[in-house]
Amino acid sequence: GIPAEPLFRSRDAPGFYQATIHVAGEVARAFYFGYDAEKLVSSPDMQPDFLDFWQSSKAELAAVDPSFTMTEIPERSTTKRKLYLVEMRSVADGTGEGIVRAFYAEPTAEGTYPVVVHFCAYDDGLGELSIPHADDHPDRIDMVVSTRGQSINNRTPYVNPYGDWLTYGFGDRQTWYYRGAFLDCVRSLDFLQTRPKVQPENIFAEGASQGGAFTYAAAALSDGRLNAIAPAASFLGDFPDYFELVPWPGTTLRLYQQALGMSDEAFFAMLSYFDTKNLATLISCPAMMNFSLQDLTCPPHTVWAPYNNLGSQEKRYLVNPALGHTVGETWVEEYTRFFRDHLKGEADGICTLRSDRRVTDDAIYDLRGLRHEGSLSTLPSGIYIQHGRKVVK
């Protein structure tokens, strides 16, 4: 075998390494492993006005009339929960949009309920939307948030006016897509404050990939409104090292840097306002993080960067040793148990991940616990649960 070589730092440093096994001159296996990751140092690199930037951005959001609207979707509502399409206004941008939409499932029974907010991954514009099934969790509220231009906002009858979100407005911290998108996440929590059935002390958030970055952003910028969070395979972490590890998104943004004539210093200074390792320093709620060792999209180093900078007194992680950019089939169960353990007051919601339907039900669930209608053939590639078994498409 060939001795393991570090990805980017000295051989004895805590971090993640690549090992390649050769047999008869051929590569038999290549894999990554971690060493003492909790001691991995990804020092915050926020600019002196980092806090001022986000305070002024939140003040701008607060001045925008959200114009909350709720439209019931009768065909997806049941006697247990009603499903709504929610629309709200956030900070506007060059498109004139700044519109956030969400699917919101609320129990019909009297009382107040815990909430799980689900933030969406980077949207390819092709897959089926994640829509809460009304009968699945009658003891809690679920909200699936679509930031500007993505998910709901990228499906008929709506049109994505941003093109590639990653590059929209890039080069200026005031105009980059993720400033507005992070504020959209905060606006979704503003909506929850208007609902009389919401338990404000029991609002939880989760998301994978881009959704993991949104989870960090929501926790960092919402003034303590989240009880606990569960980011998975999170995007937008430790940009300087990120761009050394994998081609995307670095190659795309480097082209824009060149076109704009930005120096490296200005380039990384702009990105630092949105780096989850910097936002994590503002988070104090309990957190559970999920990562995969073989993830080549959001490599472990970039996922651990925010985790190790969390201001949380309580945090834990789940590792998927053999997986790539995915969350693993037990993740919904793990983060739901974590949220349940952190319920405050008299709440007894978020009781179970599983539907109370019999296993003869043909329903298909994704790894976030959301139900999908139709057959497996209509769904995008991925891992699903049907009849209590994992199905890989």
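Reply: Contact here means heavy atoms within 4.5 Å. With that cut-off, take Asp295. Leaving aside neighbours within four places in sequence, Asp295 is in contact with Ala233, Pro300, Leu323, Gly324 and His325.

This is a predicted model, in which local features need pLDDT of at least 70, side-chain atom pairs count only at pLDDT 80 or more, and totals for chains, interfaces and linings use all residues. Residues are numbered from 1 along each chain as its sequence is written, and side-chain values use heavy atoms, with hydrogens and water left out.

Asp295 sits in the loop between β11 (287-292) and α8 (300-309). Helices (H or I, at least four residues) and strands (E, at least two) are DSSP runs, numbered from the N terminus. Asp295 counts as buried because its relative accessibility is 2%. Buried means under 20% relative accessible area, exposed over 50%, and partly exposed in between (1.4 Å probe, protein chains only). A polar atom of the Asp295 side chain lies 2.9 Å from the backbone nitrogen of Cys298.

Ser57 lies in helix α1 (residues 50-62). Ser57 has a relative accessible area of 0%, so Ser57 is buried. Leaving aside neighbours within four places in sequence, Ser57 is in contact with Arg179 and Leu183. Ser57 and Gln174 are 117 residues apart in sequence, yet 8.7 Å apart in space, C-alpha to C-alpha.

Next, a helix pair. Helix α5 (residues 250-260) packs with helix α6 (residues 264-272) at an angle of about 125°, their axes 11 Å apart. That angle makes α5 oblique to α6. Axes are lines fitted to C-alpha atoms, for helices over the stretch in contact, and angles run from 0 to 180 degrees between N-to-C directions. Angles under 35 degrees count as roughly parallel, over 145 as roughly antiparallel, 65 to 115 as roughly perpendicular, and the rest as oblique. On the α5 side, Leu253, Arg254 and Gln257 meet Asp264, Phe267, Phe268 and Leu271 of α6.

Finally, the whole chain. The protein chain has 9 helices and 16 strands. Of its 393 residues, 54% are buried. Among contacts with a separation of 6 or more, 70% join residues 24 or more positions apart.

Terms used:
A polar contact is a pair of N or O atoms within 3.5 Å; within protein, one must be able to donate a hydrogen and the other to accept it, and residues adjacent in sequence count only if both atoms are side-chain atoms.
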